[in-house]
Amino acid sequence: MHLVIIGNGITGVSCALAVRRLRPGARITLVSAESAHHYSRTALMYVYMGHMRLSDIKPYEDWFWDENRLGLVYATATALNTAEQLVVLNNGTTLRYDALLLATGSESKLGGWPGQHLAGVQGLYGLPDLEAMARDTHGISRGVVVGGGLIGVELAEMLHSRGIEPVVLVREARYWASVLPPEEAHLVDRQFQENRVPVRYHTELREVLGDAQGRVRAVLTTAGEEIACQWVGLAIGVTPNLSLARMGGIDTDRGILVDELLRTSAAQVYAAGDCAQHRQPAAGEVPIEQLWYTGRLQGETVAHTICGQPTRYRRGIWFNSAKFFNLEYQTYGRAPAGPVAGMDHFYWEHPSGRAALRVYFQAAPPHAVAGFNALGLRLRQDVCQQWIRNHTPVAAVMAELGAANFDPEFFPQHEQALVAAFNRQFPQQPVVLKRRKGLRALFG
Ligand SMILES: Cc1cc2nc3c(=O)[nH]c(=O)nc-3n(C[C@H](O)[C@H](O)[C@H](O)COP(=O)(O)OP(=O)(O)OC[C@H]3O[C@@H](n4cnc5c(N)ncnc54)[C@H](O)[C@@H]3O)c2cc1C
């Protein structure tokens with residue numbers, strides 16, 4: 001069997017490694033337009049910030065691929081003929097496949113603003129963007145970041161690390177309003193304030209203004225403000241990369257349409273990761289998942305089907321994590337930004353404003369726990385997911401909260417306060433703190 005994979009991101013590589021395990025004799029070719037070797041996209045910011053070199057964000061040494069008989073082709077796939085099972089590359093090669101995985105990832109959304117073509121205006125998705133950003137922000141004093149989401153805060157932190165003032169434009173009334181409840185968003189806002197990053201809420205980009213050389217010199221906002229700057233980062237989201245799928249006549253919508261086995265509309269062609277759109281997502285799940293761990297999971301799942309062991313994709317319990325300057329964030333399960341019928345929540349915030357915990361649970365007895373938001377404290381993924389999976393009553397979760405804790409100091413210090421706050425908010429289901437033996441031995 002010859003498996004051709006387009007894209008050497010986490011999805012493509014996870015599939016390749018799983019197929020190598022399942023079918024030691026398979027021929028596997030990974031094609032990538034972006035880089036000769038796989039790297040961790042999530043760590044791009046640390047390269048700009050000087051914490052890591054490019055070579056540090058490659059999870060595998062360069063010899064690894066030959067050693068595992070994984071063929072790497074550094075080229076762009078420019079045409080796809082699904083009837084003949086052929087992929088054409090821009091280096092003149094044609095690859096015949098028995099199975100093809102489209103793991104083509106996403107592209108930055110650009111928004112269509114006047115002036116966005118000017119030099120010094122860009123998104124951040126891959127290595128060419130990183131190079132452009134390093135070049136165009138060299139020696140500048142101010143950059144404007146458009147977008148109040150995860151990439152927006154990353155861009156702000158990246159500029160800040162090089163002594164460049166970032167000004168952030170956020171369309172909504174608060175940071176990441178579609179995901180974070182107001183209290184959590186407020187803690188992120190404190191990070192912006194402490195790092196002296198000006199944020200304009202309720203403000204959108206209207207136009208990017210250029211100088212005589214065709215470089216950005218300012219932005220004009222919907223509030224009528226002109227902000228002088230020498231660079232603009234557009235961080236308004238990403239969209240699945242559909243070019244090759246469309247060239248091959250494969251069914252697409254916002255993403256490449258796949259069934260639960262991650263099969264596309266063409267025989268022997270699969271799609272997974274950021275570029276895939278599930279035709280029938282499970283209840284409560286989204287059709288397009290643009291996360292590192294879901295890419296890995298989809299890549300590993302589709303490998304089984306490709307190897308003749310049809311396996312349905314099941315995402316499992318939602319998980320995400322990020323860092324907003326110095327504030328770590330984790331979320332598990334259902335953690336909506338606003339009120340949801342039938343769901344209640346408990347919220348606790350440390351007086352310093354540097355840590356918070358929100359626990360979501362069903363309003364009806366037995367008040368099964370449904371999700372968590374943690375800021376500034378780290379929870380153990382396996383414990384949280386088990387509680388959610390087992391529909392553990394929130395009172396039991398609160399009584400055992402320290403079991404989910406990673407930080408050896410935090411919970412022993414604050415669990416009394418947490419439980420007292422819970423009992424004040426929910427006196428009808430009082431929690432008695434369980435004494436855990438050897439907590440320090442467990443986590444210390
Ligand atoms: C800056 C940044 C930070 C992020 N941080 C996080 C995070 O903290 N946590 C998290 O969960 N997620 C994060 N994400 C999202 C996460 O990185 C993606 O969900 C994940 O990388 C998608 O993996 P993928 O393999 O599906 O696609 P990609 O990693 O996009 O890989 C697809 C590859 O296919 C190549 N390709 C496309 N078309 C062709 C073609 N025709 N020919 C050849 N090659 C082609 C592309 O060049 C690309 O290299 C972040 C994303 C970005 C951009």
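Helices (H or I, at least four residues) and strands (E, at least two) are DSSP runs, numbered from the N terminus. I use those names throughout.

**Entry 1: ground rules.** I am working on a predicted model, in which local features need pLDDT of at least 70, side-chain atom pairs count only at pLDDT 80 or more, and totals for chains, interfaces and linings use all residues. Residues are numbered from 1 along each chain as its sequence is written, and side-chain values use heavy atoms, with hydrogens and water left out.

**Entry 2: domains.** I looked up the domain assignment, whose bounds come from an automatic or database source. The chain has domain 1 (2-107 + 239-306), domain 2 (121-236) and domain 3 (319-443). I noted 36 Å between the C-alpha centres of domain 1 and domain 3.

**Entry 3: ligand shell.** The ligand has 28 residues around it, and Thr11, Glu34, Ala77, Tyr125 and Asp274 come nearest. Helix H1 (10-22), strand E2 (27-32) and helix H5 (150-161) each supply at least two residues of this shell. I sorted the shell by class: Ala, Val, Leu, Ile, Met, Phe, Trp, Tyr, Cys and Pro count as nonpolar, Asp, Glu, Lys and Arg as charged, and the others, Gly among them, as polar. The shell has twelve nonpolar, twelve polar and four charged residues. Domain 1 and domain 2 both give residues to the shell, so the ligand lies between them.

Entry 4: I counted pairs of N or O atoms within 3.5 Å. A polar side-chain atom of Asp274 is 2.7 Å from a ligand oxygen. A polar backbone atom of Ala77 is 2.9 Å from a ligand nitrogen, and one of Ile10 is 3.2 Å from a ligand oxygen. On its own the ligand has 1000 Å² of accessible area, and the protein covers 89% of that; the areas come from the Shrake-Rupley method with a 1.4 Å probe.

**Entry 5: strand E24.** I checked burial next, where buried means under 20% relative accessible area, exposed over 50%, and partly exposed in between (1.4 Å probe, protein chains only). In E24 (residues 356-362), six of the seven residues are buried. For pairing I required at least two DSSP bridges between two strands. E24 runs antiparallel to E23 (residues 343-349), with seven bridges, and Tyr360 in E24 is the bridge partner of His345. This pair is a hairpin with six residues between the strands, and Gly353 in the turn has a positive phi of about 70 degrees. E24 also runs antiparallel to E25 (residues 369-375), with six bridges; there Leu357 has Ala374 as its bridge partner. E24 and E25 likewise form a hairpin with six residues between them, and His367 in the turn has a positive phi of about 60 degrees. The loop between E24 and E25 also holds Pro366, and the Pro365 to Pro366 peptide bond is cis, with omega near 5 degrees.

**Entry 6: parallel sheet.** I found an open sheet of five strands, paired in parallel, in the order E9-E16-E10-E11-E12. E9 (121-122) and E12 (199-200) are the edge strands, each pairing on one side only.

Entry 7: Arg69 has a positive phi of about 50 degrees and sits in the loop between helix H3 (63-67) and strand E3 (70-74). Arg69 is partly exposed, at 48% relative accessible area. His202 has phi near 55 degrees, lies between E12 and strand E13 (205-210), and is exposed at 60%.

Key:
A residue is near a molecule or strand if one of its heavy atoms lies within 4 Å of it. A polar contact is a pair of N or O atoms within 3.5 Å; within protein, one must be able to donate a hydrogen and the other to accept it, and residues adjacent in sequence count only if both atoms are side-chain atoms.
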